[in-house]
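I opened my notebook to look up a few things in one protein. Here is what I jotted down, entry by entry.

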Amino acid sequence: MTAKRTILISGDAGAPTVAAATALHAARRGHRTWLLAADDPHRALDAALGTRLEPEPARYAPGLYVSRIDEQAAFRYAVGELTEKLRPLLDLLGADRLDPEELTALPGIARLALLRALPAADQDVLVVLAPPPAELIATLALPEQLNRYLDRLVPEQRQAARALRPLLAGLAGVPMPAEWLYEGRAKASEALAESRAAVDDPGTSVRLVVPADGHPYGELRRVRAGLALHGHRPDAVVVHGALPDGAAESPDPWLAALARRRAEELAALAAETDAPVLVTGLAEVTLEAVADRLYGDGDGPERLEAQPWPVEDRLAEEGLLVWHLELPGADRSELDLVRRGDDLVVGIGSHRRVLTLPSALRRCTVAGAGLGDGVLSVRFAPDPALWPQG
């Protein structure tokens, strides 16, 4: 492990144990490690570690520091910055500024706090007990979405009007909001770029945790499709709470039959996903034992790179260009496609992404689409009014 690794661990009730074991294993391998609880309202990670996590990182073991995200502090910081920008306007209106003690974190602030924490980490390994999969996917998508909103609402081109602001400010007698608005836009764009770089970094990966007894594989397919839509693939699927080895040979016929059925489910899962399937069982009662079962003597799974989505040229044969979007786990019944100008809006269940079309496809019309073997193939026909002739 030579480059920085960020491992986002998300899933069922076993995720805190897997996150703690993963961080402890990395520290035992000699890596400077930080374990961060980004979503743990019931302090399950505290229980797994046997210590209370606070916002300030604390040493837990040699090479391992632990902490939790403080949503309240993150919200106060954000509002404090905004209040400073708005001070001239508030003074003009005679409005009182909010006291820090009055502020209560709004829903969704934890996502922003997590995105701020990712680029700030300077350890060899950052292990994050992340939000549940659906919320994690939304968090990973947030930098791209917010940047798109900024481009639409406060486009950089409008900054050409900067020369008019001193005149307007003189007429109004106070600094104009446009000044701090564009300054805030530049700062927000920079922060979003840092967060997106951390999310898309080759060392950042998602590790999914599913229960051995919950039949979660249908939901797992939807999670994998949602991750793929935003350019991510799980580096591993951890099946937590498996029956002990040898249970299939138990003299108890009920236990033996259950063990065989679970083994068949694991085999089906391994055949369906290209990510390694790791198993930890009921017999591992310590974090060290869980880590040894999952990772042995190695560092663990490496990130699986999402491949670029290619455009296939079939102009000579069929008069079409075909854009292949790899979406493993996607279900035809949950797919939604809408062409809007130079964008293609792709929906998979509750997950949506606005994709900017490659330049050649912007001069085409959508001629159809099909899903097969986890690949969405969207067919485009050249628009005679826009396509070069000859």
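**Entry 1: a pocket and its lining**

I sorted the lining of the second largest pocket by class and got 11 nonpolar, 5 polar and 8 charged residues. For the classes, Ala, Val, Leu, Ile, Met, Phe, Trp, Tyr, Cys and Pro count as nonpolar, Asp, Glu, Lys and Arg as charged, and the others, Gly among them, as polar. I am working with a predicted model, in which local features need pLDDT of at least 70, side-chain atom pairs count only at pLDDT 80 or more, and totals for chains, interfaces and linings use all residues. Residues are numbered from 1 along each chain as its sequence is written, and side-chain values use heavy atoms, with hydrogens and water left out.

Which residues lie nearest the centre of this pocket? I found His 230, Gly 231, His 232, Ala 306 and Arg 353 there, out of 24 lining residues. Helix 5 (133–153), helix 7 (177–200), strand 10 (320–326) and strand 13 (351–356) each give two or more residues to the lining. The space in the pocket comes to about 460 Å³. A pocket here is an open set of points on a 1 Å grid over the protein atoms alone, where a 1.4 Å probe fits, with protein on both sides within 12 Å along at least five of seven lines; lining residues have an atom within 4 Å of a point.

**Entry 2: the whole protein**

I counted 11 helices and 15 strands. These are DSSP runs numbered from the N terminus, with helices (H or I) of at least four residues and strands (E) of at least two. Of the 390 residues, 42% are buried. Buried means under 20% relative accessible area, exposed over 50%, and partly exposed in between (1.4 Å probe, protein chains only). Among contacts (heavy atoms within 4.5 Å) with a separation of 6 or more, 69% join residues 24 or more positions apart.

**Entry 3: helix 10**

Which residues of helix 10 are buried? In this helix (residues 287–295), I noted Leu 287, Val 290, Ala 291, Leu 294 and Tyr 295. They sit on the same side of helix 10, because they cover an arc of only 100° around the axis. That arc is taken from the directions from the helix axis to the C-beta atoms. Their cover includes helix 1 (15–28), helix 2 (44–49), strand 6 (204–211), strand 7 (234–242) and strand 8 (277–281).

Asp 297 is in the loop between helix 10 and strand 9 (311–314), and is exposed at 71% relative accessibility. I also looked at Asp 297 and Arg 29: they are 268 residues apart along the chain, yet their C-alpha atoms are separated by 8.5 Å.

Arg 43 has a positive phi near 55° and is not a glycine. I found Arg 43 in the loop between strand 2 (33–37) and helix 2, partly exposed at 23% relative accessible area. Asp 373 also has a positive phi, about 55°, without being a glycine. Asp 373 is in the loop between strand 14 (364–372) and strand 15 (375–382), where I read a relative accessible area of 83%, so Asp 373 is exposed.

**Entry 4: Thr 6**

Is Thr 6 buried or exposed? I noted a relative accessible area of 5%, so Thr 6 is buried. Thr 6 is in strand 1 (residues 5–11). Leaving aside neighbours within four places in sequence, Thr 6 is in contact with Leu 118, Leu 126, Gly 203, Thr 204 and Ser 205.

Notes: Grid points are joined across faces, edges and corners, and a volume is the space filled by probe spheres set on the points.
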